[in-house]
Amino acid sequence: MITRKAARRVAKPIVLIAEELSPATLEALGPDFEVVNCDGANRAELLAALAKGVDAVLIRSATKMDAEAIAAAKGLKVIARAGVGLDNVDIPAATAAGVMVVNAPTSNIVSAAELAIALLMASARFVSPAHAALRNGKWARSKYTGAELFEKTLGIVGFGRIGQLVAHRMQAFGMDVVAYDPYLQPARAAQLGVRLLELDELLKVSDFITIHLPKTKETSNLIGVEALKKVKPTVRIINAARGGVLDESALFDAITEGRVAGAGLDVFATEPCTDSPLFTLDQVVATPHLGASTDEAQERAGIAVAVSVRKALAGELVPDAVNVKGGAIHEEIRPSLPLVEKMAQIATAIAGEAPVSMDLTVKGDISGHDSSILATSALKGALLGCGLSDVTYVNAPALAAERGVTSSVTTDPESPEYRSMISLRAALADGKIVTVDGTLMGIRKVEKIIAIDGFDLDLPPTENLLFLRYSDKPGVVGAVGNALGKAGINIAGMQVARSTAGGNALMALTVDSQIGDDLITSVKKDTGAELVRSVTLVG
């Protein structure tokens, strides 16, 4: 007979697809998920679907995953945006709820760059109004005399991946490319044959300007009234990035007053936008936010987020997660994530309280790889060790910060006894220290706890553990075995480590079931142990 709890374990994770995605997305998800659909733009339908319980939701731009939707979602672990922008996802609310947010940051960069170039060329040659005139029976050759790109200066505002693609392509047209990007090193721009300028200088020298910036407080109306006073009257401005970076009202005034020659627009401050004064101008060519609207971009985005969902629901970290520190994890580091979680749980249990800080030292062969994510593993383990539930790599840093718990990682190439090992040093509020050392052994990378507080062990971190710290004397082993036997708890393994005969000793046991508080009290009384702690490892 399968209980409800067991049935839930064997059930397939549920993935809600809230908008139309490419068939390749479903293929990339594979057969291991139950897929349900809803119209994410229909608020009531979305909330109802989320309330039924889903593990992941896949969206594009029409579905708003705000705080209300996230709160309504039972069991939600992942929000996946099949695209780049995340304006429709409340990332702080998702992080607080432990929900991973992923997107497809590189899926549409080629499509977005190509559309920016299409708008630039269409603006330069009046393609849109000339086409409209011809459809209306007018042969208006003399009216629509345009401008060549050859030997003109293209100013790129925001020189990230899309801006760099635009630069490379437009250099093939014989354009001189300059760029403004306060975060890019001049050496990198020089490698690409581009000069970095301050924004005011770029505005003055450019014949064409393309914008490739996100919308933030700093970039809102960046190209506005004052900026448009500094440009050449022959300049054409292209925005296929984010609405609101270019001030549309100021642009309209500049074009109608002859201070700007034209513009190409794909994005707007408020969308959908179907009634703008800019649309009345022959000097403006506009499209309805088509930057990512190619079959190739949509397919790449769908496949990318489907792969991310698969990884996330398998318990892996995802390089494209926007609210998890760590990014891509080296394959040599990945197996250490659960080990460090367990080490932190053990340290917290032995301490009997949450540590205020945990310092990890990664030693030996694996020290050459980026292991910073292990700091989050330690935080997650300590929080689980304190009895918190629903702790994830997403919300662990914030939860730990609320409790004043910190963690850090350092590396040491030297590891005299093991090819690789990890030492965790947990500091308590009263200044006491608990140390736990662990390693992964052999080709199968078997988890082992190899020392606690300097006592050498060879302990597999199984689900249920019992630790005793006591003065070495005869009868303790028998007393522990007798107490557990009376309680019907089977001992799977027992190890004793001591400093010297008759000195301090540590006993570590792996057992087949949980040990309750009453039994711990009984064991402490029977053995006279200084410390008795049980641990039920989570994860």
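**Basis.** I worked from a predicted model, where local features need pLDDT of at least 70, side-chain atom pairs count only at pLDDT 80 or more, and totals for chains, interfaces and linings use all residues. Residues are numbered from 1 along each chain as its sequence is written, and side-chain values use heavy atoms, with hydrogens and water left out.

**Salt bridges.** I took a salt bridge as a side-chain nitrogen of Lys or Arg within 4 Å of a carboxyl oxygen of Asp or Glu. The count came to 18 salt bridges.

**K77 and D55.** I found these two in a salt bridge, with the closest N and O atoms 2.7 Å apart. K77 sits in the loop between helix 4 (67-72) and strand 4 (78-81), and D55 in the loop between helix 3 (43-51) and strand 3 (56-59), 22 residues apart. Helices (H or I, at least four residues) and strands (E, at least two) are DSSP runs, numbered from the N terminus. For burial I used relative accessible area: buried is under 20%, exposed over 50%, partly exposed in between (1.4 Å probe, protein chains only). D55 is buried at 6%, whereas K77 is partly exposed at 39%.

**K448 and D458.** I noted a salt bridge here too, the closest N and O atoms being 3.0 Å apart. K448 lies in strand 17 (residues 446-452) and D458 in strand 18 (residues 455-459), so the pair ties together parts ten residues apart in sequence. K448 is buried at 16%; D458 is partly exposed at 39%.

**Network.** I also looked up shared partners: salt bridges join R43, D66 and E68 into one network.
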